[in-house]
Amino acid sequence: MFARLLLASCVVLVVGCASSTPESTNPPSTLPPPETSAPTTTEPVPIAPALVDLAEPGPFGVGVRTLTDADLTVEVWYPTTGEPAVESYDLRDFTPEIIRNLLSDDADSVFSYPASRDADAADGVIGLVLFSHGFTGIRLQSTAITTHLASYGFIVAAPDHPSRDLFNVLGASASGDRDAPVDELLATRSLVRDDPVLGPLVGMSFAAVGHSAGGGTVLALATRGAESLLGYVSLAAGSGEAAMPDLPSLFIAGSLDALVPPEASAAAHANAPSPSTFWLIDGAGHNAFDDFCRVGGGTGIIGVAEASGLGPLLDAQPQLRALGEDGCLPPALDVAITAPVINAAITAQLLEWFDQAAPSLDAWPNDEVAVTVSMR
């Protein structure tokens with residue numbers, strides 16, 4: 001368990017011993033004999049890491065596998081031993097063929113992250129976390145988050161949501177069905193639990209994290225009353241008219257998000273039952289919670305399209321351009337600065353929900369990024 005790797009061990013051994021000497025030499029003592037107690041030990045006490053320390057990668061390496069079942073494709077990250085290799089994904093591979101053929105091979109469309117494909121899983125898995133991507137997202141969109149959680153002992157599983165993923169949005173085949181992604185998350189949980197390698201490592205309890213439209217999906221999952229769901233984390237998302245489920249929650253928003261204003265996340269937190277925490281990260285935008293600002297010259301698929309000479313097509317789709325660029329350009333902070341803060345908050349919250357030693361989320365202790373916190 002991760003707690004084992006962070007605790008300070010203190011074992012106290014108490015032994016009382018009576019000594020004796022020959023009766024012919026010393027008279028019997030007039031004092032009562034000392035009590036003799038059996039050796040006793042105290043259990044090691046887990047000590048919570050400092051919140052700022054959770055911004056750094058955890059003690060595990062990271063493995064990654066792709067699981068499939070019928071129409072479901074799921075990427076899974078999990079803790080391993082040993083040094084990770086490098087995995088990559090190309091945004092062009094998640095676009096329809098007609099668009100893929102228009103995108104230049106010279107475009108900055110590849111994102112790399114530390115993970116070892118199909119590596120052996122480590123002992124000490126904490127639990128299962130489901131991740132739901134946003135509108136025009138992909139299952140791989142937030143590896144900065146998913147690999148970080150895996151390095152702390154979580155198995156993180158993220159399905160593609162065809163009703164709103166990048167492939168189907170660009171291909172005009174996205175249905176917009178809001179129920180299907182919830183079913184896909186539940187199917188993802190079953191797929192992981194049935195896997196002969198990863199299934200035996202997870203218990204019944206799980207948590208869910210979602211970005212943007214994915215925040216709405218994990219809220220709907222919680223509202224549906226998914227059995228053994230410990231809590232949900234909503235990133236850059238509000239609640240709309242949805243009823244707030246009676247489960248623990250964490251909401252994180254960026255102050256510069258023009259797509260989902262932070263007030264929407266604050267309102268969802270205000271309506272959520274206790275315990276609920278809201279973090280507002282100063283200088284973060286909508287794409288602070290995914291990898292896309294790190295490719296395409298800093299603007300994701302938008303930059304890839306422009307590098308391929310498709311700028312005029314984007315000008316005709318201003319909503320798509322805004323979605324791809326929000327949080328990637330000044331005055332937004334560089335996502336390399338805000339990502340560790342986001343990772344620390346999510347990791348701390350999940351550790352608490354899975355009964356691990358965890359720091360409080362009542363403040364962010366590093367002045368480099370300002371965070372406003374509300375807890376109830």
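Biologist: How are residues numbered, and which pLDDT do local features need?

Modeller: Residues are numbered from 1 along each chain as its sequence is written, and side-chain values use heavy atoms, with hydrogens and water left out. Because this is a predicted model, side-chain atom pairs count only at pLDDT 80 or more, totals for chains, interfaces and linings use all residues, and local features need pLDDT of at least 70.

Biologist: Is the pair of Tyr89 and Phe111 stacked, edge-to-face or tilted?

Modeller: Rings of Phe, Tyr and Trp (its six-membered ring) pair if their centres lie within 6.5 Å, and planes under 30 degrees apart count as stacked, over 60 as edge-to-face and the rest as tilted. The structure holds five aromatic pairs. In the pair of Tyr89 and Phe111 the centres are 5.9 Å apart and the planes stand at 55°, so the pair is tilted.

Biologist: How many residues apart in sequence are the parts that Tyr89 and Phe111 tie together?

Modeller: Helices (H or I, at least four residues) and strands (E, at least two) are DSSP runs, numbered from the N terminus. Tyr89 lies in strand 3 (residues 86–90) and Phe111 in strand 4 (residues 110–114), so the parts tied together are apart in sequence by 22 residues.

Biologist: Is Tyr89 buried or exposed?

Modeller: Buried means under 20% relative accessible area, exposed over 50%, and partly exposed in between (1.4 Å probe, protein chains only). Tyr89 has a relative accessibility of 5%, so Tyr89 counts as buried.

Biologist: What is the orientation of helix 3 and helix 11 to each other?

Modeller: Axes are lines fitted to C-alpha atoms, for helices over the stretch in contact, and angles run from 0 to 180 degrees between N-to-C directions. Angles under 35 degrees count as roughly parallel, over 145 as roughly antiparallel, 65 to 115 as roughly perpendicular and the rest as oblique. The axes of helix 3 (residues 143–151) and helix 11 come within 10 Å and cross at roughly 45°. Helix 3 and helix 11 are therefore oblique.

Biologist: Which helices do the buried residues of helix 8 pack against?

Modeller: Helix 8 (residues 300–307) is mostly covered, since six of its eight residues are buried, and these are Gly300, Ile301, Ile302, Gly303, Val304 and Ala305. With contact meaning heavy atoms within 4.5 Å, the buried residues of helix 8 pack against helix 9 (311–315) and helix 10 (318–325).
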